[in-house]
Amino acid sequence: MRIAVTGSIATDHLMTFPGRFADQLVADQLHTVSLSFLVDDLDIRRGGVGPNICYGMGVLGLRPILVGAAGKDFTDYRAWLDRHGVDTESVHISEVLHTARFVCTTDADHNQLASFYTGAMSEARQIELQPVADRVGGLDLVLISADDPEAMVRHTEECRTRSIPFAADPSQQLARMGGDDIRLLVEGAAYLFTNEYEAALIESKTGWSADEILAKVGTRVTTLGAQGVRIDRAGEQPIVVGTPEEEAKVDPTGVGDAFRAGFLSGLAWDLSLERAAQVGCMLATLVIETLGPQEYELRRGHFTERFAKAYGQEAASEIQPHISG
């Protein structure tokens, strides 16, 4: 199954300030703030929705196709993804802009000051999907995840025009998009991925009810945080899958991306929707136990053992032949 993942490509620069931002602010001088914080730690992580999802699929043994825009500074990141099974040949490289960056400083009270540099991500709107399909011999599914908003709309319209099945995963871009664009992203999707808040936001901005949305998509997948995930299809009973027990709760960054990676891998293996969701929840659990969205290790025996503990031996026997580790 040839799956292309479109989405943001970025690096995260995370710093820690040992003091409190509030102690550095002077109430009557807030109109002319000029501050510099001496930080103790700098953690640079590979990130971006597209690579996070592709990395998860790669470590599960698939070869997803990453589609997005990056800068000339993408060389090391590309090598990392290539080494973990990701096809990066369709990444657009900007001639003038750097790869997108998220720069964030967190203080002792967990308050944050952050900036997001869009950079090369803005050029994702220039990407055509047909050359990607021609290069790999056709596409069975395109996941359209958070990216440059114009790129998301363009990719969706091209999939619809060329009859390429697509999955809608608008996530954090829902906040800046209006109802008309959200309707374009959702209608006709084979799968719609959201969390509970995003599901309500789509209903609010489009004016569609939950039943109306369900009539416009093939399968609606709603993540429920610690409660797992719910899968809805028109005319069928919902499927609810719980989450495995966590060994630790270290960092939630990239958990949703890992779920999507596991779910899409399950689809590629021709598993049931329930089983695919279980694979997604298991992979997401590995991520929450690790600092960084692409720093976890997938060990075949460990993965299937924990999967069996969470979902039963029969379920584990179904997925075991597919897990490469």
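Visitor: What makes the pair of side chains T11 and H13 a polar contact?

Guide: In this predicted model, the side chain of T11 lies 3.5 Å from the side chain of H13. A polar contact requires N or O atoms within 3.5 Å, so the pair qualifies.

Visitor: Where is T11 placed, and why is T11 called buried?

Guide: T11 belongs to strand β2, residues 10–16. Its relative accessible area is 15%. Buried means under 20%, and therefore T11 is given that name.

Visitor: Which residues does T11 contact, leaving aside neighbours within four places in sequence?

Guide: They are R45, G47, Y77, A100, R101 and F102.

Visitor: Why are β4 and β14 said to stand at the edges of the sheet?

Guide: The open sheet has 8 strands in the order β4-β1-β9-β10-β11-β12-β13-β14, with mixed pairing. β4 (65–67) and β14 (239–241) each have a single partner strand, so one side of each lacks a neighbour in the sheet. From one strand to the next, the twist averages 15 degrees.

Visitor: How do you know that β1 and β9 pair?

Guide: Strand β1 (residues 3–6) and strand β9 (residues 141–145) share 4 bridges in the parallel sense. Pairing needs at least two bridges, so the two strands meet the condition. I3 has L141 as its bridge partner in β9.

Visitor: What is the handedness of the crossing of α8 and α9?

Guide: The crossing is right-handed. The axes of α8 (residues 255–268) and α9 (residues 273–288) come within 7 Å and cross at roughly 145 degrees. Residues of this contact include F259 of α8 and L283 of α9. The contact residues divide into 15 nonpolar, 3 polar and no charged.

Note on methods. Residues are numbered from 1 along each chain as its sequence is written. This is a predicted model: local features need pLDDT of at least 70, side-chain atom pairs count only at pLDDT 80 or more; totals for chains, interfaces and linings use all residues. Side-chain values use heavy atoms; hydrogens and water are left out. Buried means under 20% relative accessible area, exposed over 50%, partly exposed in between (1.4 Å probe, protein chains only). A polar contact is a pair of N or O atoms within 3.5 Å; within protein, one must be able to donate a hydrogen and the other to accept it, and residues adjacent in sequence count only if both atoms are side-chain atoms. Contact means heavy atoms within 4.5 Å. Axes are lines fitted to C-alpha atoms, for helices over the stretch in contact, and angles run from 0 to 180 degrees between N-to-C directions. A crossing is left-handed if the near helix is turned anticlockwise from the far one by less than a right angle, and right-handed if clockwise. Ala, Val, Leu, Ile, Met, Phe, Trp, Tyr, Cys and Pro count as nonpolar, Asp, Glu, Lys and Arg as charged, and the others, Gly among them, as polar.
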